[in-house]
Amino acid sequence: MSILKLNWFNENITLDAVKKCLRDFPLEARELYLNKTVPCLEQPLSPLEFYREWIGPNKPCVIRNAFSHWPALSKWNPSHLREVVGSKVISVAVTPNGYADAVNQDRFVMPEERLMTFSSLLDVVEGKVESRGVFYVQKQCSNLTEELPELTGDVETHIPWMSEALGKLPDAVNFWLGEASAVTSMHKDHYENLYCVITGEKHFILLPPSDRPFIPYEHYQPAVYRQREDGDFDVVDVADSDKVPWIPLDPLKPDLELYPDYRLACPLHVTVKAGEMLYLPSLWFHHVRQSHGCIAVNFWYDMEYDIKYNYFQLVESLAGAVGPL
C-alpha cells in the first residue's frame, strides 16, 4: 500500500472512531445517570441536598410548593396588572409567526422590539383589540426588576435556597407573558435556571448536553422583523454583524431527512403548571411553548465554568468538526 493510501486509510479510520465515540457518548450518559422522564419533587430540598442531587449531576426536575407563599399566585390577573402597572411602558417582542430569535429560511431573525404600555399589551392578549403579529414579553435583561419593579413585592427577587446552594444571587429575574402562538426555539443557556409558572402552563422539550452530537447547528446572517404600515412584516438584515450559530431544527416537526442524526436524540417532554417550578440546568437544550396569556418569572444564576463546561466545549467542538454522524 502506498504512503498516500495508508495516510488516507489512517485518517478515515480515525474520523470513524471519533464519530463512533460521539454516537456512544450520549447513550452511555443515559445509562449512567440521566432520567427517562423529568422527576417531580413535592417540596424544595435543603441547599446542600439540591446541589448534590440535581445541580451537581446537571439533571432537571419540577418542584412543587416552592413559591406557594408568593402573593403573585392569587393577585396576578389582568385587572390587577392593569391597576398596578397598566401605564408602564415595557418592551414587547413582536413577530409575524410567534417565532422570535429563530431561523427563518437562511436568516436568524430576531423580533421587532416594540415599546408599549402594559395595558395595550393586555388588550392584545385578551382579544380586546385586533393586531397583526404575535406579542410576547420576553426581554431577558432582568426585565422584572428593571421595567416592572412594582411587581417585585408579589414575588421574591431571588430563591433563598438556590442562592445558598450556589453561593450567589441571580444575574437576572425575568418576567414572561404572551400569546399561545409565541414559541421559544431550541437553544441552550449558560445559566442555572429556575422557571416559575404563575398562571397557565408551559410546555418544555428538553435535551441533555450529552445529546449535542445529534443536534444540528448552522451559521446564519442575523436579521430583525419590521412591521410595515400595511401590517405585513419585512425581514431586515443587521448590517456589519457576524453570522450567528443557531439550531435550525424544529423539535415539533423535525426534518429527519435533512437532519438524520436527530433520530438518535431522546428529548424529554414536561409541562409545568401554575404554582410549579422547573429547574432547568445549565447547557440543557430547550424549546418552550405556553398556554395563552401564561405568566411566568424565572431566575438565571450564572453557571460555574468548571470541568463540566470544559467537557461540554470539547464535545461541542468535536461534533462541529466531524459533521454528520
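Contact is taken to mean heavy atoms within 4.5 Å, and helices (H or I, at least four residues) and strands (E, at least two) are DSSP runs numbered from the N terminus. The structure is a predicted model, in which local features need pLDDT of at least 70 and side-chain atom pairs count only at pLDDT 80 or more, while totals for chains, interfaces and linings use all residues. Residues are numbered from 1 along each chain as its sequence is written, and side-chain values use heavy atoms, with hydrogens and water left out.

In helix α4, which spans residues 78-85, the buried residues (under 20% relative accessible area, with exposed meaning over 50% and partly exposed in between, for a 1.4 Å probe and protein chains only) are H80, L81 and V85. These residues lie on the same side of α4, because they cover an arc of only 95 degrees around the axis, the arc being that of the directions from the helix axis to the C-beta atoms. S79 and E83, on the other side of α4, are exposed. The buried residues of α4 pack against α3 (72-75), α5 (118-125) and β19 (295-302).

A salt bridge is a side-chain nitrogen of Lys or Arg within 4 Å of a carboxyl oxygen of Asp or Glu, and by this rule the count comes to 23 salt bridges. Among them, E147 and K139 are joined with an N to O distance of 3.8 Å; E147 is buried at 16% relative accessible area, whereas K139 is partly exposed at 33%. Another links D234 to R228, with the closest N and O atoms 2.7 Å apart, and salt bridges that share partners join R132, R228, D230, D232 and D234 into one network.
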